[in-house]
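Welcome, and please have your viewer ready. We will go from one selection to the next and look at what is there.

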Amino acid sequence: AALAALLARGDAALVDLRTAWEQRAGPRVEGARAVAWAEAVADPAVLPDGPLVLACRTGLRSELVLRAALASGRDDVAHLDGGLLTWATP
């Protein structure tokens with residue numbers, strides 16, 4: 001609920017790090033920006049500017065990207081612990 005409110009207010013952008021196949025399989029996230037997780041780990045500069053919430057299917061890849069982003073000096077990035085599977089579960 002807190003994440004949905006944060007995104008609805010525009011206080012942060014959601015970055016979907018799942019593969020194209022995973023994105024098609026769902027859950028679909030309106031307004032999310034797709035970034036290849038391997039590319040973001042290798043070079044966090046590919047992430048959009050501004051406050052971000054990183055998300056993948058289970059939270060493992062988004063945590064790797066989060067660590068890379070923090071190591072590169074970003075302090076406006078968080079990740080969705082448990083991934084989109086947890087978020088989409090009622």
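One term before the first stop: a polar contact is a pair of N or O atoms within 3.5 Å; within protein, one must be able to donate a hydrogen and the other to accept it, and residues adjacent in sequence count only if both atoms are side-chain atoms. This is a predicted model, in which local features need pLDDT of at least 70 and side-chain atom pairs count only at pLDDT 80 or more, while totals for chains, interfaces and linings use all residues. Residues are numbered from 1 along each chain as its sequence is written, and side-chain values use heavy atoms, with hydrogens and water left out.

**Stop one: Arg18.** Select Arg18, in the loop between strand S1 (13-16) and helix H2 (20-25). Helices (H or I, at least four residues) and strands (E, at least two) are DSSP runs, numbered from the N terminus. The side chain of Arg18 reaches the backbone oxygen of Glu22 at 3.4 Å, and a polar contact of 2.7 Å joins Arg18 to the side chain of Asp16. Is Arg18 buried or exposed? Its relative accessibility is 5%, so Arg18 counts as buried (buried is under 20% relative accessible area, exposed over 50%, partly exposed in between, with a 1.4 Å probe and protein chains only).

**Stop two: the sheet.** Now show the strands: an open sheet of four, in the order S2-S1-S3-S4, with parallel pairing (two strands pair if DSSP finds at least two bridges between them). Strands S2 (33-34) and S4 (77-79) are at the edges with a single partner strand each, so one side of each has no neighbour in the sheet. Between S3 (residues 52-55) and S4 there are three bridges, and Leu54 stands opposite His79.

**Stop three: His79.** Stay with His79 in strand S4. With 19% relative accessibility, His79 counts as buried. Its side chain makes a polar contact of 2.9 Å with the side chain of Ser62. Beyond four places in sequence, the contacts of His79 (heavy atoms within 4.5 Å) include Val53, Gly59 and Glu63.

**Stop four: the core.** Finally, select the largest nonpolar core, 12 residues including Val15, Val35, Leu47 and Val77. Such a core is a set of buried Ala, Val, Leu, Ile, Met, Phe, Trp, Tyr and Cys residues joined through side-chain atoms within 4.5 Å. H4 gives the most to this core, with three residues. Another core, of seven residues, lies apart from it, with Leu14 and Leu84 among them.
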